[in-house]
Amino acid sequence: MDIYKQLKTYFGYDMFKKGQEKLIKGILEGYDVLGIMPTGGGKSLCYQLPAVILEGVTIVVSPLISLMKDQVDALQEMGIEAACINSTLQTSELVEIMQEIESNRYKIVFVAPERLNSNSFMNMIRHIKVSLIAIDEAHCISQWGHDFRPSYLEIPRFIKRFKDRPVVAAFTATATKEIIVEIKALIGLQKPLEVTTGFDRPNLFYQVVKEGNKLAYLTNYLSNHFQEESGIIYCATRKTVEALVKKLKEKGISASGYHGGMETEVRQRNQESFMFNRTRIIVATNAFGMGIDKPDVRFVIHYNMPKNMEAYYQEAGRGGRDGEESHCILMYSPSDVVKQKLMIAGEEVAAEREALQYKNLQYLIDFCHTNDCLRNKILGYFGEEVTKENCGKCSNCLDQSEMMDITVEAQKVLSCIYRVNQRYGANIVIQVLRGSKNKKILEQGLNQVSTYNIMKDYSEKAIREVIMTLSARNYIHITTDKFPVLKLTSQSREVLQGKVKVYHKKDLIEKSLSENKKDV
Ligand code: ADP
Ligand code: ZN
């Protein structure tokens with residue numbers, strides 16, 4: 001079978017993207033496969049091409065209705081018969097599609113996971129030759145992930161109901177080890193051929209913005225970059241979405257909103273006008289995204305920090321699917337951290353899972369405070385080996401600003417953590433260092449420790465920067481509880497003894513210092 005010929009005939013491509021050929025050949029040879037590819041990596045082709053070649057039908061389990069409809073339309077246009085079965089169908093439509101499936105009209109049938117164990121569907125599908133079951137967004141089966149869908153847990157039972165077990169192909173853009181292990185086990189993949197393509201997206205430029213007024217930064221950015229092109233702005237809440245849309249419109253910037261609380265009709269209209277370039281910017285909660293295949297999104301701005309690196313990378317990864325340069329900007333503010341922590345605390349989950357959520361959040365906070373290459377920090381999270389120290393395409397690598405030796409400040413902070421017996425969080429440690437006369441400090445006798453008042457000339461913000469930098473470099477461990485406590489790590493000693501030096505961008509620390517002078 002000449003898969004290159006099919007690639008050209010049906011899809012119009014001359015070459016495979018990374019990983020596609022290996023996965024497709026694996027499927028055609030009858031192996032279960034697990035494809036781990038970043039957003040935009042070309043996962044759909046890995047089951048669409050085999051579907052055309054294989055006998056009978058390919059069933060694709062997919063979490064989102066909007067995603068199914070788009071894919072069906074695209075396939076029909078290419079001359080591949082496809083249909084979808086989901087909850088929006090009327091009974092009569094469903095019966096009709098079922099009959100058409102029975103008469104072998106379709107090569108690909110998309111199914112919402114909720115449908116899998118409906119008896120009528122199963123009774124019908126049993127008579128049909130199903131060669132391949134493809135599971136899109138396979139991480140939705142994992143409770144550790146950010147998109148857990150309980151109905152995905154029905155998948156293994158569904159697979160077992162076939163007399164001739166079809167080949168099972170799972171795909172995800174998530175690469176954390178815990179989740180991969182869980183995907184394989186829960187779906188019941190049999191000795192799968194696993195293909196990971198690597199997570200780097202060379203055309204994405206990463207930037208973290210920590211300083212200044214967010215709105216001012218944003219409007220300035222929008223008037224100076226990609227003025228005629230599309231972008232996504234992610235916000236943490238529906239309220240922020242509404243407020244930001246209003247503000248952008250007032251400034252004459254073309255934007256519309258998208259969140260779960262909007263009427264379906266309005267939301268769809270907004271999505272469409274974004275997709276067809278009638279509005280430049282969509283301001284959205286994380287409800288917007290999975291399956292949005294707009295190739296020319298030039299910037300993805302996070303107006304609020306999301307809950308972990310996985311969520312961040314998936315959302316940021318919606319930029320630049322066409323391979324052209326695109327910007328991913330994460331705006332950090334401490335109040336976003338507070339919000340995320342409240343959300344974690346408000347969810348009723350097992351203690352173990354809660355601890356993991358705090359840990360994952362901390363990784364993203366550290367990402368916002370590192371002075372090292374942002375791209376490397378992302379790839380490191382996904383367990384990828386880093387080859388270059390400097391990517392040249394992130395705000396840290398490009399930032400020419402002078403580095404300042406903050407070893408002495410770091411030592412002061414670390415000794416203070418030690419002196420208060422590693423029992424307090426950042427706020428108290430900062431107050432002790434600044435010699436606060438706060439009631440709690442005095443009551444607990446913290447004004448008696450030897451590090452009391454030794455950083456009185458530094459602003460709260462400057463000391464917090466030092467703490468976050470130390471955490472980002474693993475010289476401080478911030479516990480993952482509701483009330484995080486600062487602890488020393490096995491590496492802290494090296495800083496305390498002056499064996500290693502700590503550096504920080506000069507402008508940030510100095511700015512904080514001068515702000516402090518203003519307060520006094
Ligand atoms: P994913 O599901 O992994 O996010 P998609 O399957 O939506 O990615 O593919 C991303 C983009 O890459 C789509 O626009 C698709 O048409 C394109 N694409 C897929 N395979 C190829 C290929 N072999 N050559 C060129 N473009 C491709
Ligand atoms: Zn870099």
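**View 1. Helix H1 on helix H3.** The axes of helix H1 (residues 3–11) and H3 approach to within 10 Å, crossing at roughly 100°; axes are lines fitted to C-alpha atoms, for helices over the stretch in contact, with angles from 0 to 180 degrees between N-to-C directions. H1 and H3 are therefore roughly perpendicular, the class for 65 to 115 degrees. In H1, Ile-3, Gln-6, Leu-7, Tyr-10 and Phe-11 meet Leu-45, Leu-49, Val-52 and Ile-53 of H3; contact requires C-beta atoms, placed from the backbone, within 7 Å. The contact of H1 with H3 comprises eight nonpolar residues, one polar and no charged. This is a predicted model, in which local features need pLDDT of at least 70 and side-chain atom pairs count only at pLDDT 80 or more, whereas totals for chains, interfaces and linings use all residues. Residues are numbered from 1 along each chain as its sequence is written, and chains are lettered from A and ligands numbered from 1 in the order in which they are written.

**View 2. Helix H2 against helix H3.** The axes of H2 and helix H3 (residues 43–53) come within 9 Å and cross at roughly 40°. This angle makes H2 oblique to H3. Gln-20, Leu-23, Ile-24, Ile-27 and Leu-28 of H2 form the contact with Leu-45, Cys-46, Leu-49, Pro-50 and Ile-53 of H3. Nine residues of the contact of H2 with H3 are nonpolar, one is polar and none is charged.

View 3. Seven strands form an open sheet in the order E3-E4-E2-E5-E6-E1-E7, with parallel pairing; helices (H or I, at least four residues) and strands (E, at least two) are DSSP runs, numbered from the N terminus, and two strands pair if DSSP finds at least two bridges between them. Strand E3 (82–85) and strand E7 (193–196) are the edge strands, each pairing on one side only. On average, neighbouring strands of this sheet are turned by 15° against each other, direction ignored. Strand E1 (residues 33–36) runs parallel to E7 and is joined to E7 by four bridges, with Val-33 opposite Leu-193 in E7. Helix H2 (residues 20–28) packs on the sheet and touches E1, strand E5 (130–135), strand E6 (167–172) and E7; the direction of H2 makes about 165° with that of E1.

**View 4. Surroundings of Gln-340.** Gln-340 lies in helix H13 (residues 334–346). Gln-340 counts as buried because it has 22 C-beta neighbours inside 10 Å, the cut-off being 20 or more. Met-305 is 35 residues from Gln-340 in sequence and 8.4 Å away in space, C-alpha to C-alpha.

Terms used
Two residues are in contact if their C-beta atoms, placed from the backbone, lie within 7 Å. A residue is buried if 20 or more other C-beta atoms lie within 10 Å of its own, exposed if 12 or fewer, and partly exposed in between; C-beta atoms are placed from the backbone. Angles under 35 degrees count as roughly parallel, over 145 as roughly antiparallel, 65 to 115 as roughly perpendicular and the rest as oblique. Ala, Val, Leu, Ile, Met, Phe, Trp, Tyr, Cys and Pro count as nonpolar, Asp, Glu, Lys and Arg as charged, and the others, Gly among them, as polar.
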